[in-house]
Amino acid sequence: MLELEGIRVVEGEFTLSADLALRPGERVAVIGPSGAGKSTLLDVIAGFHAPKAGRVSWEGLDLTSVAPGRRPVSMLFQDNNLFPHLSVERNLGLALRPGGGRPSGADRARIAEALDRVGLDGMGERRPGALSGGQQSRAALARVLVQDRPVMLLDEPFAALGPALKAGMLDLVAEVAEALGALVVLVTHDPEDARRFANRVVLVAEGVAAAPVETRALFADPPEALRTYLG
Amino acid sequence: MARRLVAIIAGLLVAGLTLGPVAAVIWRGAAWSALAPGDWLAIRFTLVQAVLSAALSVLCAVPVARALARRRFVGRGLLVALLGAPFILPVIVAVLGLLAVFGQSGLLNSALRATGLPEVTIYGLHGVVIAHVFFNLPLAVRMILQGWLAIPAERFRLAASLGLPGGQVFRVLELPMLRRIAPGAFAVIFVICLSSFAIALTLGGGPRATTVELAIYQAMRFDFGLARASMLAVIQLALALTAGVFALRVSSGTGFGVGRDRVVMRWDGGGLARGVDVVWIVLVAAFLLMPLVMVVLRGLPGLTSLGPSVWQAAGHSVLVALGSTLLCLLWALPLATRRGELLGLAGIAVSPLVLGTGLFLILRPFVNPLDHALVVTGAVNALVSLPFALRILRPEAEAVRSDYARLGAALGLSGWAWLRWVLVPRLRRPLGFAGGLTAALSMGDLGVIALFADPDHATLPLKVYGLMGAYRMESAAGAALLLLALSLGLFWLFDRGGRVDAGA
């Protein structure tokens, strides 16, 4: 279980509190109005934002003061998911060996397999700039795949893609997560993404990240805050 | 954590290397009685020449910048680029070039003799001022040109549609800009000229044309009066700090940028104004180019007969330049933050001669400072170049951090991997440029080395100075040309290295 207990974030006027638990291997969408704190919630889980109070834990292990790179978490950001001056292969190599060493033969095989899985076989030599937007997203996903962490955090990483491409990428994420058995937390402003992708939904609104609710049940009988957001 | 530790170590080294010598000279020198009567003259001369040099540079820069802002002509881009060149030009090379134009047997005096007019002399106050204007006029032009280009084109269009005459356009649009920029330019150049050593050493001298920095050198070198040198260093420090604080207040802080370069469309300034612009552009181009052309022309014959001691000095210089470039960049990488840049400014506030005197005092109880002239020179050069390197690196380093620090942290990159695979590759271009500037500055430096060196440890600029002093002008010209080629060559190599295959 990924547990957030008594989390409180305060930054000037902005506050966010969270008390919730997510199950290993499930797919969760985080939705809510912009500025409500969806990304902040992800940052707290990933370790980029130290909460004022509360505790983050994974399978009973306290993560609250663990550095981002040492958490059982991989993350896709809105942008800058790959270093543009390094080849895709080198990017994935750094994910495997954050100390900067050369990847071993086994590492290289793993990288090739990950690229193959996301449909980029043979493109490892290219730099991100030589790939299309969709291919860059796939390369970033391959990076998450080789990192092989039990929690995947996605902060609207496909917002720049067209609807069809985005739907395809979400399916691919589901496939990858299935293969890793990973818990996926997807931040999105599009309720359609949540319907398509998630078993459960965390609604972030009015300073509170609510406990997750079954997606179907939530949209069948939306609470007041969600109704306001959906309009 | 390791990254932070490295930054702290680098910061402490920089602070120690500036504050240590300062403390040493204050400790040793806090006694007015150590001063000789001539030292008051030196203080006065320092102030007078700095005021004159700064005023002349700024006054001449205004019409030149105005001409460059509103005229299009073949070679304009080249001329604007040339305005950046004095920054990496060794002082001693420029001095030889100026001597070839304004000196006893120079072009100007030959022409004056031919027409029967009285000759001019370049030694003394006006030589020092001419050389300072040579180095700082381009800087002033660049600063003021930026001010001109920052006036929105729409304002000129509005002025044209209102039918304002040229004088009114100047009063309404250009004068307010000049009031904003010119005091800053004056202050910056005043500070630079205040710490003038190499120019005063070569063109000044004597009781009537000695700067405080030169007096420090003379006290150390000839009288071996450490107390007097230290007291002078304290005075120099006080002068430079006062002027520096003043300059920071009045300057808008855009001193060294290159900025966008475009020609503003203008609807005024035909006829007479066009003629005036042409005259100014021709004058400034000749003033900047003639000395360089003369260095090449006079240097070529001597180039084939350079003695082994010149080549040895050239070798020393290249080693010192490479060493201080390495040191400077090693400092600059961890210090490329706001705090680091403030710390780096210490290197500018404290003049090389003051640093040199202080280091001499610190080293003397343990070793013979003269045996370590090259090491000390390299370290001081790195320190003095650090503010420029930080100015270039910091914005880019901050961009890398803001774009990729999260990705690096998410991957858990080690400090080494971040440096090796992210920071250095992303900073290649500015690193190359900063390295080139440092190498060229260090290559041409004639400051601390003069204080410390004996003939066995001479660098090329010092060797050129020695040859001039021995009236071996042909050898001096040849060695100066070699120095020019090496300085520009090093700059080009580094800058090019940063650009080749820089990729995405």
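Predicted model: local features only at pLDDT ≥ 70, side-chain atom pairs only at ≥ 80, totals over all residues.

Helices (H or I, at least four residues) and strands (E, at least two) are here DSSP runs, numbered from the N terminus.

Residues are numbered from 1 along each chain as its sequence is written, and chains are lettered from A and ligands numbered from 1 in the order in which they are written.

Confidence is given as pLDDT, the predictor's confidence in each residue, from 0 to 100. Chain A averages a pLDDT of 91, and 100% of its residues score at least 70; within this chain, confidence is lowest in helix α8 (residues 224-230), at a mean of 85, and highest in strand β8 (residues 183-187), at 95. Chain B averages 86, with 94% of the residues at 70 or above. Over residues 253-260 of chain B the pLDDT is below 50, and beyond near neighbours in sequence this stretch has nine contacts in the model, two residues being in contact if their C-beta atoms, placed from the backbone, lie within 7 Å. For the complex, the predictor gives an ipTM of 0.85 and a pTM of 0.83.

Chain B is built from 22 helices and zero strands. Its radius of gyration is 24 Å, close to the 23 Å that the globule rule gives for 504 residues, so chain B is as compact as a globular protein of that length. Its C-alpha atoms fill a box of roughly 75 × 75 × 50 Å along the principal axes. Among contacts in chain B with a separation of 6 or more, residues 24 or more positions apart account for 85%; in chain A, 65% of the contacts between residues at least 6 apart join residues at least 24 apart.

Burial is judged by counting other C-beta atoms, placed from the backbone, within 10 Å of a residue's own: 20 or more make it buried, 12 or fewer exposed, and anything in between partly exposed. Of the 231 residues of chain A, 43% count as buried, and of the 504 residues of chain B, 48% do.

Helix α4 (residues 133-147) of chain A shows what such burial looks like in detail. At 1.5 Å a residue (times one less than the number of residues), its 15 residues should span 21 Å, and its end C-alpha atoms are 21 Å apart, which agrees. This helix is mostly covered, with twelve of its 15 residues buried, among them A:Arg138, A:Leu141 and A:Val144. The buried residues pack against β6 (73-76), α2 (88-96), α3 (105-117), β7 (151-155) and α5 (163-180) of chain A.

After α4(A) comes A:Asp148, in the loop between α4 and β7 of chain A. Most residues other than glycine have a negative phi. Phi of A:Asp148, however, is positive, near 50°, and this residue is partly exposed, with 16 other C-beta atoms within 10 Å. Phi of A:Glu206 is likewise positive and near 50°; A:Glu206 is found in the loop between β9 (200-205) and β10 (208-209) of chain A and, with 15 C-beta neighbours inside 10 Å, counts as partly exposed.

A nonpolar core is a set of buried Ala, Val, Leu, Ile, Met, Phe, Trp, Tyr and Cys residues joined through C-beta atoms within 7 Å. The largest has 232 residues, and those with the most contacts inside it are A:Val185, B:Ile189, B:Ala332 and B:Ala480; α17(B) gives the most to this core, with 18 residues. Leaving aside neighbours within four places in sequence, the contacts of B:Ile189 include B:Ser53, B:Val58 and B:Leu139.

Where the chains meet, 19 residues of chain B are in contact with 21 residues of chain A. On the chain B side, α17 (373-411) and α18 (415-426) each supply at least two residues.

Note on methods. Rg over C-alpha atoms; globule rule 2.2 N^0.38 Å.
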